[in-house]
Amino acid sequence: METGTTGTSVKASSLRWKILRQAILRKPNADEQSEIGVKRITRKTKQGFNLIPCHLVDDPSHSSDVTVCYTLPIDSAPKLYLTQRVVDHAELSDFEICNKYNIDNTGLVCQWPSEEVLAYFCLSHADMFRSKRVIEVGSGYGLAGLVIAAVTEASEVVISDGNPQVVDYIQHNIDANSKAFGGTRVKSMMLHWNQNEISNISSTFDLIVASDCTFFKEFHNGLAQIVKFLLGKVQPSEAIFFSPKRGDSLDKFLEKIEENDLRFSITENYDAEIWKHHTEFMNGAASWPSYQKDHCYPLLIRISV
């Protein structure tokens, strides 16, 4: 995630160093240390909507990274190869970087379910991206941005995150899939939501996309401001967010959207296939036994100037 307020920075920093102190005093093995970091710093799920078939390309036991092959469910679409962290793996350097940049490590933990939903939505609505300039914010490993670049004939796709480690993965994944992009320009970018030194990209994007970026309330105002900053002022433009409600978190974010003179709409049932999976999970499907609508099902939010 991105940077927040000073008070939030102190709390997050204290929590991370407390975890490290406990780890050192207990002297856990590497597996235990990773488990502590993942559970206390982030929340994640190993389940998902299973909308885009994927499989491991290499053996994750030999490295802290793994390459995942995604087979896009449309005719003649290229396969995409994403390198990402092994689930439940964390390193001490992660905490050091989190403290240095006042960021969270959620982008390193896993491919989040809402990101898959966003990627599938973009795949199913490719026409809306054709010849457009697109930026994904808080992208994690960049699945949705890579899907847009590979199948929609967008003119440019920028895949951004506020964590420099995540941006390194994004650039690696762009390089690994460069032959799939045709004439679309694709690049990575380190972007904090309260960043001021980005005047060169102000008001230049036709579409902003994001998934599961509204959970932490301390980042809401910065996120709303960066959306307003990036959206084009002359041509029609909008931001497309996929976010679960998560209690009142989404509502609080939308309050910030209104405070920044932006408009929004919310759609609950926006895709028949995604809704079918959601209904199955709500009815107790074994593939996601802990599924809860409030926490797991991403609503479609469209934001415009």
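This is a predicted model: local features need pLDDT of at least 70, side-chain atom pairs count only at pLDDT 80 or more; totals for chains, interfaces and linings use all residues.

**Helices and sheet**

Mentor: Start with helix α5 (residues 113-124) and helix α6 (residues 143-151): their axes come within 8 Å and cross at roughly 15°. Axes are lines fitted to C-alpha atoms, for helices over the stretch in contact, with angles from 0 to 180 degrees between N-to-C directions. Helices (H or I, at least four residues) and strands (E, at least two) are DSSP runs, numbered from the N terminus.

Trainee: Which residues of α5 and α6 make the contact?
Mentor: From α5, Glu115, Glu116, Leu118, Ala119, Cys122 and Leu123; from α6, Leu143, Ala144, Val147, Ile148 and Val151. Contact means heavy atoms within 4.5 Å.

Trainee: New topic. What is the strand order in the open sheet?
Mentor: β6-β5-β4-β7-β8-β10-β9, 7 strands with mixed pairing. Two strands pair if DSSP finds at least two bridges between them.

Trainee: Which strands stand at the edges?
Mentor: β6 (185-190) and β9 (263-267). Each has a single partner strand, so one side of each lacks a neighbour in the sheet.

Trainee: How many bridges join β9 to β10?
Mentor: 5, and β9 runs antiparallel to β10 (residues 299-304). Ile266 has Ile301 in β10 as its bridge partner.

Trainee: And where does α7 lie?
Mentor: Helix α7 (residues 164-176) lies across β5 (156-161) and β6, at about 165° to β6.

Note on methods. Residues are numbered from 1 along each chain as its sequence is written. Side-chain values use heavy atoms; hydrogens and water are left out.
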